[in-house]
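Hi everyone, thanks for making time. Today I'd like to talk about salt bridges, so let's bring the structure up.

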Amino acid sequence: METNQPGLVGYGCASSPQRPLAIKQVLDEYLAPMIIGRDVLDIDDLSHLLSLSPYWRGGAIENNALAGIDIALWDLKGKIAGLPVFQLLGGRARTTVSVYGHADGADNSEVVDSVQQFIEEGYEYVRCQVAIKGADTYGTHAPSDAGSIAELARSRDAFWMSSPYLRAIPSLFEAVRDAVGWDVELLHDVHERVTVSEAIRLAEALDPFRLYFLEDAIAPEDLDWYRELRAHSTTPQAVGEVFSDMRTFIPLITNRLIDFARIRMGAIGGLTPTVKLAVLCELMGVRTAIHGPGDISPIGHAAALAVDVSSRAFGIQESTKYSDAVRDVFPGAPVIKNGAYEISEAVGLGVGFDEHEARKYEIAAPLTYDSWALLRHRDGSVARP
């Protein structure tokens, strides 16, 4: 976002891998013309104006476009003030931001090895995902015997089968606990792939292994069932990365039906609504676990860190390790050391964008739809991705 002050530029993040061209069109043709000539300091006013502008408001596409502008405005405000954005949000509430690593494997032993590697690197929080033989499995990379499981996962020709998954996950955490003990916090992502009754049964089965949280056990369409899950299990619950309306969180938080709000900043409209949700979380004793996978830019991660550093509701931050190429394109990208993000004192969000470097990685091929949503059950019906 350029201003009338030479060299004063703000950077935002509108990252979403499924509908990037639609988001770009909303930005270029609808939202950008509305803010030209306005005061960049009026962030809340502009956020509210743009969120109401479509009349039929909301949705992930509109909100990601809005988030790109909103985050850039915060970056500009920090630069104008000569302060890191977290100082504008109330100042430092902590000196480091703990993150969790992503351990996976073709079987329990590979997951254990991966967890131990993260522990050696200083991580105190590790998410564990294991491949299910013959089934498409969320959260696992290609195993060393790159044949069956890896090929199935890449092609999306594999089906989703809940029965072997429900049998495998408790035994996975039993194996991990036996190997690494109780001094590391463990997490798991269900990715909303099971039925409500299966989710409740899984949460109960995982109670003995004291997970830090179980993520997306219940799908967004069935959120009222979190009350029933809460009555049956003490395993902490995290949900929210697919929410595209910040208000979806409100009954879950105010009724204390979840333990962690998995906010995807872009999907709900940017840093401004995220800060407001973090305040509500603090008041109700719910913690934040802002969504931070590799499809969010370093600018988006820096915006999440600004909330993490300043909010008393902070629980944990999802992380990604950036390649040298990404760091060349985004100078100032957040750095992980000993299982935590270092806190930058740079003004604004502290992350730039080098257009010259970015041009080295331009892709000539057109963008296509993502294969993410092609998963099916054994009977051919559509499964949640």
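Let's start with D75 and K79, whose side chains form a salt bridge with an N to O distance of 3.0 Å. Please keep in mind as we go that this is a predicted model. Both residues sit in helix α3, which covers residues 60–81, and they are four residues apart, about one turn of the helix. So which of the two is buried? D75 is, because its relative accessibility is 0%, and buried means under 20%. K79, on the other hand, has a relative accessible area of 26%, so it counts as partly exposed.

That was one example; across the whole structure, the search turns up 19 salt bridges.

Next, take a look at K321 and E121, which meet at 2.8 Å, N to O. Here the pair links distant parts of the chain, 200 residues apart. K321 is in the loop between β9 (317–318) and α14 (324–329), while E121 is in the loop between α5 (108–120) and β2 (125–130). K321 is exposed at 53% relative accessibility, and E121 is partly exposed at 29%.

My last pair is R384 and E221, with a salt bridge of 3.5 Å, N to O. What does this pair tie together? R384 lies in the segment after β12 (376–377) and E221 in the loop between β5 (213–215) and α9 (226–232), so the bridge connects parts 163 residues apart in sequence. R384 is partly exposed at 31%, whereas E221 is exposed at 58%. These two also belong to one network: salt bridges with shared partners join E192, E221, D222 and R384.

Conventions:
Residues numbered from 1 in each chain as written. Predicted model: local features only at pLDDT ≥ 70, side-chain atom pairs only at ≥ 80, totals over all residues. Heavy atoms only, no water. Salt bridge = Lys/Arg side-chain N within 4 Å of Asp/Glu carboxyl O. Helix = DSSP H or I, 4+ residues; strand = E, 2+ residues; numbered from the N terminus. Buried < 20%, exposed > 50% of the residue type's maximum accessible area, 1.4 Å probe, protein only.
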